[in-house]
Amino acid sequence: MFEAMLDPTGGPSATATGPRLAARPARLDGLVVGLVANPKKNAEPFLDAVGELLAAEHGTADVVRTRKTSITDPIPPATLDELAQRCDVVLIGVGDCGSCSAAAVADGIAFEAAGVPAAVICTVAFRVSADAMARLQGSPGYTYVTTAHPVAPLDEAGVRERARRALPELVGLLTEAPVPVVAR
Amino acid sequence: MTALAEDADRLHHARAAIEHAYEQGWTDGLPIVPVTAEVVEEFLAATPRARDEVVAAVPHLGRECTVEQAAINAAMAGCRPEYLPVVLAAWDALMRQRVVTGGGWQSTSGPAPLIVVNGPIRAELGINSAGGVLGPGFRANATIARAVGLVVRNVFGIRPQELEQSTQGIPGRFTLCIGENEEESPWEPLATELGLEPETDAVSAMLLRTCEFIDNRHTSDPEQVLWDIADTVARTGAAIGRHSSAGLVLGVEHAQMLAAGGFSKAEVQRWISEHAFRTHKEMQLAGKSLAGQEGPGLDEHGLHVVPDPDQIPIVVAGARNAAMSMVVRPFGFGGWSRTAHPIRQKEA
């Protein structure tokens, strides 16, 4: 006696194709590292510290810095293109809020699609958001590196310590083909 | 079948449909109205817009919402078909907010859209602009706002504790649709201020991080009331770095007192911008030192928390029964769009 009840979910998809992962270099020495910082407190110092450690311990050649002006928006296409041209690998972070963690993952997937290996850093508090974004972008299980939450109140030494701890995983992510995690 | 048995049958199905919607995760926590294809056609008949026109999107999630999807969710929200043109205009307005087209719906601040309706359509649809305007009790206000929220949840897939990461959210998320009390406002309506012809049915919108009341029935001096408002606007808690934002939902008494004191809306905006100020010492006390930072609003003395007067939206709404107003906190530090969007109804 009743008609079918409509499903209200799902709209048309704005992006049809799923992203792909970029080929990884065997080693980082001599490579140019892009640093994509969002405007959250300590994001730039965190990435700078990783950049310095990469130069000191892995012989990277140079860094190219960029600072996103928006917490919520993905990286502007022109900035992404410029970095993709100038950099061999990129680091993106620090995702420590709902929209910026999701945006960081989306940026990472965009760099991978442009052929540049990317390592995204999110705090553990935002894994759910980061994973959901990866699924939505057609890249379920997209691998990123987590650091403890929060990052914003850390002092200079605290930031450096975090960067030091994250380093091995970041290097692994940039040099070995990441294995997608099925369930997290 | 007896009338009583028919009723029992209907009620059984109605309840089963509502429970089904819960099981599917389609609701915001409150029961929804089950929607059939026939119902959606009724809604689509109320708008001149094509069913497959995209009215809303979150580009970074690769998700878009068509007029038809908006109609399904509006019907589920409890809207009447004639509310759909308002819902669509609300999306037109929201899509002009940078934070909406970015990741604003996912923000830890859990912002709420404030939808402001101007024009004669308020009376036609029963959109409350007077007593209790920010509270419950009015179908049009409640369901138009809810229709926006159900699209965010169902079409964009942005759900709490998943992609939506609000730390606490704000009370009133997806319930904030208000009419401007144009009849008792001493100034021109918001939509007219923003460039539309007087009497145009229109929607303006912005995302809010919260709102906070000012109860000042203590004075008849407009500058004292403005000082009271500026004190709330200048809260350090609203500041991230040198960024803050503020708007006003002025109660009728405050608005009329300010106008009688010779203040235009623009002069109120300017006064608030000039006087909403925190010293460097005060910012330091809150752990929000601005040392070494530059930019609009910041000088050697401290911070003008909303340096651009144009970025202080003012709406008059509520009853004329007490001198109460609200400071609202638009989300997005670049400000709000300052646009009003006509409501396009189907020609009768």
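## Between the chains

Chain A and chain B share zero salt bridges. A salt bridge here is a side-chain nitrogen of Lys or Arg within 4 Å of a carboxyl oxygen of Asp or Glu. Polar contacts do turn up: the rule finds three residue pairs across this interface, both residues at pLDDT 80 or more. Such a contact is a pair of N or O atoms within 3.5 Å; within protein, one must be able to donate a hydrogen and the other to accept it, and residues adjacent in sequence count only if both atoms are side-chain atoms.

Which helices of chain A each supply at least two residues of the side that touches chain B? They are α3 (98–113) and α4 (127–136). The largest share, five residues, comes from α4(A). Helices are DSSP runs (H or I, at least four residues), numbered from the N terminus.

## About the model

This is a predicted model: local features need pLDDT of at least 70, side-chain atom pairs count only at pLDDT 80 or more, and totals for chains, interfaces and linings use all residues. Residues are numbered from 1 along each chain as its sequence is written, chains are lettered from A and ligands numbered from 1 in the order written, and side-chain values use heavy atoms, without hydrogens and water.

## Interface size

The size of an interface is often given as the accessible area lost when the parts come together. Here, about 2900 Å² is buried between chain A and chain B, and carbon and sulfur atoms give 64% of this area. Buried area is the accessible area (1.4 Å probe) that two parts lose on being put together, summed over both. In contact are 32 residues of chain A and 42 residues of chain B. Contact means heavy atoms within 4.5 Å.

## Nonpolar cores

The largest nonpolar core has 83 residues. Such a core is a set of buried Ala, Val, Leu, Ile, Met, Phe, Trp, Tyr and Cys residues joined through side-chain atoms within 4.5 Å. Buried means under 20% relative accessible area, exposed over 50%, partly exposed in between (1.4 Å probe, protein chains only). A:Phe111, B:Trp91, B:Trp105 and B:Phe156 have the most contacts inside this core. A second, separate core of 31 residues includes B:Trp271 and B:Leu298.

## Cysteines

One disulfide is counted over all chains. The bond joins A:Cys97 to A:Cys100 (S to S 2.5 Å). A disulfide is a pair of cysteine sulfur atoms within 2.5 Å. Both A:Cys97 and A:Cys100 are buried.

A:Cys87 is in no disulfide; the nearest cysteine sulfur, in A:Cys122, is 19 Å away.
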